[in-house]
Amino acid sequence: QAAAPLHPVTVQCQEAQVVVTVHRDLFSTGRLVKAADLTLGSAACLPVAQSAAEGTVTFVAGLHECGSTLQMTPDSLIYKTVLSYKPTPSGNLVILRTNMAVVPIECHYPRKSNVSSNAIQPTWVPFHSTLSAEERLVFSLRLMNDDWSTERLSNGFQLGESLHLQADVASGNHVPLRLFVDDCVATLHPDRSSSPRYTLIDLSGCLVDGRSDDTTSAFISPRPRQETLQFVVDAFKFAGDDRNLIYITCHLKVSPADQAPNPLNKACSFNKASSLWAPVEGTGDICSCCETGNCP
């Protein structure tokens with residue numbers, strides 16, 4: 001449906017791009033916002049067209065453009081971006097009459113079928129046979145609701161709440177595998193090497209955030225299955241930053257399920273009651289390097 005004051009932002013998820021149409025009466029007050037104050041994504045892409053007659057502004061961007069992020073679930077590819085409205089004073093005025101706004105935008109695509117109307121034409125062997133032959137692994141990292149039953153619909157948290165994170169691997173016809181989270185870092189930007197940076201998991205599977213005095217962060221034991229690893233992290237924000245948006249980037253890996261966990265492949269939490277590190281599985285000695293910091 002066309003963008004209108006009742007629906008001020010509309011999104012079309014096309015095969016390779018997203019089209020966002022914004023009605024300039026963004027707040028349904030009759031006061032039109034300036035097109036120049038609207039941008040798309042973390043790269044602040046500008047609109048490609050505007051219609052004075054309809055009072056609309058249009059953005060067109062490739063799914064990977066404008067700083068969008070990609071989230072993978074077992075069934076979907078989810079491209080995420082945001083529409084930002086940052087008002088600027090008019091003329092020589094030093095006052096603003098509207099609030100800034102951020103509108104989250106998502107495009108969901110199925111992973112197990114075609115997005116376009118053109119069927120896949122195999123050249124030598126069927127597509128699924130190629131995937132099976134290469135034994136490709138599909139990793140995912142998802143925010144779950146508090147009882148772990150489904151993926152959490154919202155990614156917004158209040159301080160004092162806990163993030164329930166679940167890592168999975170879909171291994172297809174591969175030999176049985178056990179999943180590990182090697183490391184996780186939180187940043188204010190998609191680039192995991194950006195600063196400031198806070199380490200949640202380090203040293204090949206030590207949940208170092210749980211070592212802090214005021215946290216209860218820990219891996220969940222036992223696992224629901226070998227190819228899944230769940231952990232809880234207390235919500236937090238970076239000091240002195242008011243963006244309230246944090247990126248968490250994790251490195252996931254697998255080992256054969258019949259291989260005993262070791263200092264390189266482990267999932268260790270700090271138990272404050274005993275002041276000891278404990279593994280989800282394996283012997284306690286594999287976690288000793290979490291304390292010394294001298295892990296492989």
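1. Of the 296 residues in the protein, 37% are buried (buried is under 20% relative accessible area, exposed over 50%, partly exposed in between, with a 1.4 Å probe and protein chains only). Bear in mind that this is a predicted model: local features need pLDDT of at least 70, side-chain atom pairs count only at pLDDT 80 or more, and totals for chains, interfaces and linings use all residues. Residues are numbered from 1 along each chain as its sequence is written, and side-chain values use heavy atoms, with hydrogens and water left out.

2. On the fold: the protein has 17 strands and two helices (DSSP runs numbered from the N terminus; helices are H or I with at least four residues, strands E with at least two). Take the contacts between residues at least 6 apart in sequence, and 58% of them join residues at least 24 apart (contact means heavy atoms within 4.5 Å).

3. The largest nonpolar core has 20 residues (a core is a set of buried Ala, Val, Leu, Ile, Met, Phe, Trp, Tyr and Cys residues joined through side-chain atoms within 4.5 Å). β2 (17-23), β3 (38-40), β5 (56-62), β7 (76-85) and β8 (101-110) each put in at least two residues, and β8 has the largest share with four. Val22 is among the residues with the most contacts inside this core; its partners beyond four places in sequence include Pro8, Leu38, Phe59 and Leu83. A second, separate core has 19 residues, among them Val169, Leu229, Cys250 and Leu252.

4. Have a look at Arg142 in strand β9 (residues 138-144). Arg142 is buried at 13% relative accessible area, and its side chain makes a 3.3 Å polar contact with that of Asp168 (N or O atoms within 3.5 Å, one able to donate a hydrogen and the other to accept it within protein; residues adjacent in sequence count only if both atoms are side-chain atoms).

5. Arg211 and Glu291 form another salt bridge, at 2.8 Å from N to O. This one links a loop between β12 (197-201) and β13 (218-219) to helix α2 (residues 288-292), across 80 residues.

Methods:
Salt bridge = Lys/Arg side-chain N within 4 Å of Asp/Glu carboxyl O.
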